[in-house]
Amino acid sequence: MRLRTFCLYLSIATCASAAQAGRAVSFEKEIRPILEARCVKCHGPAMQLGKLDLRNRAAAIKGGEKGPAFTPGNAAQSILYKRVAGLEKPVMPMDGKLTTAEVESLRVWIDQGAAWDAELTSKSAKDPLKEYEESKLPAGAREFWSFQKPVKRDPPAATDARFNDNPIDRFLFGEWIKRGLKPAPVADKRTLLRRAYLDLTGLPPTPEEAKAFLNDNTAEAWPKLIDRLLASPHYGERWGRHWLDVARYADSNGYEHDFDRPNAWRFRDYVIRAFNRDTPFNRFLLEQLAGDEVDDVTYDTLTATGFLRNYAKVGFREKDNPQFRYDYLDDMIATLGRGVMGLTVHCARCHNHKFDPILQRDYYRLQTSLFSYVEVDHPLVPKEQADAYYRQQAEVDAKIAPLRQAIAAIEDPYKLELVKLKYTRFPQNVQDAIATPEDKRTEGQTLLANQVIRTTRVSSAEVARHLKPEEAVEVKRLNREIAALEKQRPAPIPTAMGITDGDYRLTPDGAGDEPAPGKGGKREVVEGTFLHTGPGAYKAPPAHFLHGGDMYSRGSIMKPGFLTVLNGDTAPAELPPSHHRTSGRRRALAEWLTSADHPLTSRVIVNRVWHHHFGRGIVPTIDNFGHTGEKPSHPDLLDWLAVDFRESGWSFKRLHRLILTSQAYQMASSWADAGNVAKDTDNTYLWRFRQQRLEAEILRDSVLAVAGSLNTLMEGPAVFPQLPEESLKSMKNGIWKVQQEGPDTWRRSIYVYRKRGLPFPFFEVFDLPDQTLTCGRRNVSTVATQALTLLNNEFVLNQARRFAERIKALAPGDANEQLQIAYELALSRPPNAEERRVAQEFLQKNTLEDFAHVLLNLNEFVYLR
């Protein structure tokens, strides 16, 4: 029946298309209305996005940055048709799709030669740009579930006393009854012990810790264990790692040059400390967004501002390509959107959001709240000490500057000639672009020339081979003087990578005014970032609405603000601090995000915590609570947790206690019921605990802990475990220090150097996420390379040897006791009779080291159960 219906539909559609093709399409009656109403506002008199002008046929055929809008007689090869038909992205128009009939009319019109009468005009009574800037929310936009404030409804009573003490269980129990599901029994104490340790600290329990828990038969044994683990400093290392994924933390810039960030680790340590002291989440966010604007500024709050500066960065100043700055701002918005609000706000950069009621105006209001940021390394010493340090540095710089100028005067003529020789290695079109005067280069030539000029360098060592003898002597003398002066520099002071407000302006070269709205401007841009140190209150630089996301298509100057659909237009957008050195816009943003009126922030964060405990969020799409995300499986439970979290002081540790003391968390994971599996195959309604593969870092930490190798030293600069030779050879830029494999590198994996351009191979094979983007949920794959890594990786083999040595030392000469200890260390339980028999047979033909290696490869070792 469905096949016949589809064939009938296809037949009708084909006949309709044939009927269209058999008649002449009227430009005046059918095409002009479409183009004037939907196209020329962005490609007409006010602006030409992508340099495409659709006011007349000649301009359309000439086309823009992507080529001609259409090829008369060939719609299938015409960008205009492919974009409106959805065959090529981005789909046009930006403000909503054309009807099927309109798309078909355009196709036939182009195929018929695209006859065109008089020039088009915009049908809008208003300025089309202004009209788009003032777009309204669609009717009913706020009715979507996640845009409404969460309500704390009373949890239903459970008829089974086991599930009536914890509100989480009561909500879950109601769904089990409704769906005819049976809850799993409680897991055994050893399973719960290992589960809690790995979940809260990321480390397996020691035999002594296991014994203490197993011997405690009081009702308080489990709650006391949870409190002890939450008080452990390892808790911050475990749960701080989850937040670092959201914060896209790394120790290097990324991209081609992947420069080192020598002070990035201070942000990592701040996050660990914040989790260990149970910093309320609203304060945690405030410090990261506006740690320089709070009333009680400390070294920690200044360090926290590294959150916004964690973006991957091209290794040049924005002066070389001012577009980079807007890309970094977009990254901040994407991180705040997905990481904090669970919304893809960054999708509104070029147009109103396609799926969610997020206006492009809201994107630029949010960008304006962040626009005045400048990068800064915050001194972590008293102001007097910092001032003295910078003054001494400036004095040395002033003495060195004329010496460097003298060297440049000798070397620069040679460099100029040598770089010309290097340019000859590039294709002819690149050489032509470089040879063309800057003011006469096309846009393509400008991009080509800038990239090559920027990256092609001549070193002093290369120049030295061409210097005249007397010039070489002079350069050596000047360099000796510079080296002597360098020794006069003061000892470095500690600094933290962060941001603050400053003055950032992009102006046409040589002009005092910015490009007129919508008119573009010269591509030569001068850039400046300045900290506000003068008298009077700080005034933020202007930020504009950018039509089509194009920095040269400037619209109105924007005021700071937030998302209209979340009533962000009613919240204060500036909260200037008492020191008046910053605008207070970032503080206002943080206050809005954590206000009682915000419907998403508390929902998103409790859903993250739930995901990490249970392997799946109540909303499975962790970073997307919008229309394209999945809806919550337990909406009332999610809302109860969100409101309770906020009302109880935004405490993570309280939330952990609530979850871990629930019966849902303590259920067995290996229990199965045929009826349950048939009704809820994916365990969406949590009738048993969900097994989870350990993340890469926790797997490595567990190997180190079991082998007795783990160095528990906390905080400090990153460590560099040994890399395979081929990995080191593949590294082109940035750093990877060569450290001897041993206790110094056997620290917890959160301290391993996070190099964007060269992810640590062991982590990468176990699904390390992309370190350039915010990540709420890691991918979990099962591939052969993981098994091969555990079998053949030199680190694993070395730790297996150490594990075997530890077993021997604890039970010298006693084979049965060695088996017992090996299982207790690796799996937190003794072997059963069958496992003991198999192990004894294995050890008759293999070494204890081989047996230790086998234990590290077991699923039970790699999974949290």
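**Entry 1. Ground rules**

I call a residue buried under 20% relative accessible area, exposed over 50%, and partly exposed in between. The model I am reading is predicted.

I began with glutamate 715. Its phi is positive, about 65°, although the residue is not a glycine. Most residues other than glycine have a negative phi. I found glutamate 715 in the loop between helix H28 (696–707) and helix H29 (725–730).

Next I looked up aspartate 767. This residue also is not a glycine, and its phi is positive at about 70°. Aspartate 767 sits in the loop between helix H30 (761–765) and helix H31 (784–792). With a relative accessible area of 11%, aspartate 767 is buried.

**Entry 2. Around helix H5**

I checked the length of helix H5, residues 100–111. At 1.5 Å a residue, its 12 residues should span 16 Å. The end C-alpha atoms are 17 Å apart, so the two values agree. I then noted which residues of H5 are buried: Val103, Glu104, Ser105, Leu106, Arg107, Val108, Trp109 and Ile110.

The bond between methionine 92 and proline 93 is a cis peptide bond, with omega about -5°. Most peptide bonds are trans.

**Entry 3. The cores**

Which residues have the most contacts inside the largest nonpolar core? They are Trp243, Leu641 and Phe803, in a core of 178 residues. Helix H15 (residues 323–341) gives the most to this core, nine residues.

A second, separate core has 23 residues. Phe27, Ile31, Leu54 and Leu106 are among them.

**Entry 4. Arginine 261**

I went to the loop between helix H11 (233–246) and helix H12 (265–276), where arginine 261 lies. Arginine 261 is buried yet has no salt bridge. Which side chain of opposite charge is nearest to it? Glutamate 375 is, at 6.3 Å. A salt bridge needs a side-chain nitrogen of Lys or Arg within 4 Å of a carboxyl oxygen of Asp or Glu.

What does the side chain of arginine 261 reach at 2.5 Å? It reaches the backbone oxygen of tyrosine 311. I also listed what arginine 261 touches, not counting residues up to four places away in sequence. The list includes Ala250, Asp251, Ser252, Asn253, Tyr311, Met497 and Tyr753. Charged residues Arg309, Lys313 and Arg756 are on it too.

**Entry 5. Salt bridges**

How many salt bridges does the model hold? The count comes to 63. Side chains of opposite charge can pair when their charged atoms come close.

I looked first at arginine 349. It forms a salt bridge with aspartate 327, the closest N and O atoms being 3.0 Å apart. The pair links distant parts of the chain, 22 residues apart. Arginine 349 is in the loop between H15 and helix H16 (360–370), and aspartate 327 is in helix H15. Arginine 349 has 13% relative accessibility, so it counts as buried. Aspartate 327, at 31%, is partly exposed.

Arginine 349 also meets aspartate 330 in a salt bridge, 3.8 Å from N to O. Aspartate 330 is in helix H15, 19 residues from arginine 349. At 14% relative accessibility, aspartate 330 counts as buried.

Then I turned to arginine 748 and aspartate 701. Their salt bridge has its closest N and O atoms 3.1 Å apart. The two lie 47 residues apart, arginine 748 in the loop between H29 and H30, aspartate 701 in helix H28. Arginine 748 is buried, with a relative accessible area of 2%. Aspartate 701 is buried as well, with a relative accessible area of 2%.

Last, I noted a network of salt bridges. It links Arg241, Asp245, Glu697, Arg754 and Arg778.

How values were computed:
Residues are numbered from 1 along each chain as its sequence is written. This is a predicted model: local features need pLDDT of at least 70, side-chain atom pairs count only at pLDDT 80 or more; totals for chains, interfaces and linings use all residues. Side-chain values use heavy atoms; hydrogens and water are left out. A nonpolar core is a set of buried Ala, Val, Leu, Ile, Met, Phe, Trp, Tyr and Cys residues joined through side-chain atoms within 4.5 Å. Buried means under 20% relative accessible area, exposed over 50%, partly exposed in between (1.4 Å probe, protein chains only). Helices (H or I, at least four residues) and strands (E, at least two) are DSSP runs, numbered from the N terminus. A polar contact is a pair of N or O atoms within 3.5 Å; within protein, one must be able to donate a hydrogen and the other to accept it, and residues adjacent in sequence count only if both atoms are side-chain atoms. Contact means heavy atoms within 4.5 Å. The expected span of a helix is 1.5 Å times one less than its number of residues.
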